[in-house]
Every structure is written in structure tokens, then in C-alpha cells.
Amino acid sequence: MSLNRALFERYARLATQEPNTLICGRLGEYRYYDMDQAISRARMLAAKILL
């Protein structure tokens, strides 16, 4: 497992311990997204939260 992947998994575990915290976006998902992809992911998350 790469160091980056191990860090992401550590952060993800820590985030589950924080109630009402959303981890999203390029930094939150620890992935590179083009802006159109980042906006699309944000819209999907907003729809999931609001519905």
C-alpha cells in the first residue's frame, strides 16, 4: 500500500469519529479531479444530503 493511500485511510477512519462532518472534494477524497468532476461530485453530495 502506498504512503498516500495509508494516509487517506487514516484520515477516513478519524473522520468517522467526528459527528456531522462531511469529507468531500479533491482534498477530502484524496484524489485529483478536474473542476467539472469536482463540481459534479459536489452536486451529487448535495442532492444526497438534501433529499
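**View 1. Burial and surface of the predicted model.** Buried residues (under 20% relative accessible area, with over 50% called exposed and partly exposed in between; 1.4 Å probe, protein chains only) make up 12% of the 51 residues in this predicted protein model. The accessible surface (Shrake-Rupley method, 1.4 Å probe) comes to about 4,700 Å², and carbon and sulfur atoms account for 58% of that area.

**View 2. Fold and overall dimensions.** Along the sequence the pattern reads α-α-α. The radius of gyration (over C-alpha atoms) is 12 Å, well over the 10 Å from the globule rule (2.2 Å times the number of residues to the power 0.38) for 51 residues, so the protein is more spread out than a compact globule. Along the principal axes, the C-alpha atoms fill a box of roughly 35 × 30 × 10 Å.

View 3. The structure holds one salt bridge (a side-chain nitrogen of Lys or Arg within 4 Å of a carboxyl oxygen of Asp or Glu). Arg5 pairs with Glu9, and their closest N and O atoms are 3.4 Å apart. About one helical turn separates Arg5 and Glu9, because they are four residues apart in helix α1 (residues 3–16). Arg5 is partly exposed at 41% relative accessibility, and Glu9 is partly exposed at 28% relative accessible area.

**Notes to all views.** Residues are numbered from 1 along each chain as its sequence is written, and side-chain values use heavy atoms, without hydrogens and water. Because the model is predicted, local features need pLDDT of at least 70 and side-chain atom pairs count only at pLDDT 80 or more, while totals for chains, interfaces and linings use all residues.

How values were computed
Helices (H or I, at least four residues) and strands (E, at least two) are DSSP runs, numbered from the N terminus.
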